[in-house]
Amino acid sequence: MRRVVITGMGIYSCIGKNLSEVKESLYNGTSGIVFDEKRKEFGYRSALTGMVEEPDLKKQLSRRERISMGEEALYAYVATIEALENAKIDQDFLDANEVGILYGNDSTARSVIESVDKIREKKDTTLVGSGAIFKAMNSTVTMNLSTIFRLTGINFTVSAACASGSHAIGMAYQLIKSGLQEMIICGGAQEINELAMGSFDGLGVFAMNIDDPTKASRPFDKDRDGLVPSGGAATLIVESYESAVKRGAPILGEIIGYGFSSNGEHISTPNVDGPSKAMTKALQQAGLKASEIDYVNAHATSTPVGDANEAKAILEVFGENGPCVSSTKSMTGHECWMAGASEVIYSMLMMEHSFVAPNINLETPDEAAAKLNLVKKTLNKKIDVFLSNSFGFGGTNSALIIKKVP
Amino acid sequence: MNKEVIVEKINYFLVDEFEVEEEEIAPQANLKETLELDSLDFVDLVVAIEANFGVKLVGEDFLKVITLQDFYDLIEKKIG
């Protein structure tokens, strides 16, 4: 089995449009949550969201390329350009080597709705235009980026709700570890628009503090009342250790564990056993004791039941006096399909710059969380190995363990 | 609508929307080889014609369209 390393990262999120901006926001505990007037008018219970600007790529991409891209693909392109530069990979390298792509994405609501509305209006399918189908399919990110970057390796989208991005990295890890691929571009993307999140808001699980948006997402706090949706894209370049050394690439971290499980219970209510099993499997695969983990980036979205059950699962696996724990969703909101990938990047930035980003808005932890080593204020601390949790609807769970390479 | 207006409108959306190089626009220009329009672009030409002239083209209309001049003529005939 081969060693698998991360050699590049790129991020486009509500707390920064690149690695440098995001690192600053994480260190300073800056929230990216805003009030979106459009959502209020649309009928949302909560109009809070993380927000990013839609990138204008007219200078970078041809019309033919742009016309097939919805916002998920645009965000993913920007993040991928940064990740490729970060990994010192150019188009010549992509043309000469078999590079794959695995990306997490689980909706294209705006593209689907806009194209169907157009057909309804015109009563003619041709008049929807040639790009509509490629924007509307769930695999829009992988089909667009594989074409733009002329990729010739593995090529598919992972749809696993809010664990999509994490499973995409896990799949890339397995394929490279087993020798089937040398390098895979992976990550997660999430659309941000009022058409995408209405049905989620309808479940009554979004935070309601519209008077103070930056305080609304408060994972593990006893007064939390729900999550805040968010989005953007995050890309990682994952490759074999041999390939990275041969290229003289920067080795930013090594993936050493990917634990997964399914709850086999309720479609939306998370449990304790499933997440606990995923974390335990990741530790076993990594060959580490729980006490060897320095930091856990919690999935904790700020929902009452979800955070409490994750706290119990972390306690079950790590015991009291366990590793530092924080949920970066306190700043970013819940980046859903993107979160599993972006949160690995957030944790990688903490590992690179030796700090633990704060779980902002955590004033009083609830009973289950009080026993965790929660980080409320930025902590300057060396991190050698971290675990990142991602869970999703349907009870899908993923835990990734990544360590620093000396 | 006279021919001049038709030509002007088509040239405008080819440059503005389809990002065809302005210097490539000429009556004898081959739509596929010179202007580099592919099969998907022809779907978008149907959309552009409907939006600009209010007429709907179908695939068969393009069978004899090789050059930009053929395209101008087709639209003139359709509108007429």
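## Domains, chains and one lysine

Q: What makes domain 1 and domain 2 of chain A count as touching, and how many residues are in contact?
A: 61 residues of domain 1 of chain A are in contact with 57 residues of domain 2 of chain A. Two residues are in contact if their C-beta atoms, placed from the backbone, lie within 7 Å. A word on the source: this is a predicted model, where local features need pLDDT of at least 70 and side-chain atom pairs count only at pLDDT 80 or more, while totals for chains, interfaces and linings use all residues. Residues are numbered from 1 along each chain as its sequence is written, and chains are lettered from A and ligands numbered from 1 in the order in which they are written.

Q: Which residues do the two domains of chain A span, and how far apart are their centres?
A: The domain assignment, automatic or from a database, gives domain 1 as 4–247 and domain 2 as 256–403. Their C-alpha centres lie 21 Å apart.

Q: How many residues in each class does the side of domain 1 of chain A that touches domain 2 of chain A have?
A: That side has 29 nonpolar, 25 polar and seven charged residues. Ala, Val, Leu, Ile, Met, Phe, Trp, Tyr, Cys and Pro count as nonpolar, Asp, Glu, Lys and Arg as charged, and the others, Gly among them, as polar.

Q: How many residues of chain A and chain B are in contact?
A: Seven residues of chain A are in contact with nine residues of chain B. The chain A side of this meeting has one nonpolar, four polar and two charged residues.

Q: What elements does chain B have?
A: Chain B has three helices and zero strands, taken as DSSP runs numbered from the N terminus (helices: H or I, at least four residues; strands: E, at least two).

Q: Why is chain B called as compact as a globular protein of its length?
A: Its radius of gyration, taken over C-alpha atoms, is 11 Å, close to the 12 Å that the globule rule (2.2 Å times the number of residues to the power 0.38) gives for 80 residues, so chain B is as compact as a globular protein of that length.

Q: Why is B:Lys78 called partly exposed?
A: A residue is buried if 20 or more other C-beta atoms lie within 10 Å of its own, exposed if 12 or fewer, and partly exposed in between. B:Lys78 has 15, so B:Lys78 is partly exposed.

Q: Where is B:Lys78, and which residues does it touch?
A: B:Lys78 is found in helix H3 (residues 68–79) of chain B. Not counting residues up to four places away in sequence, B:Lys78 touches B:Val55 and B:Leu57.
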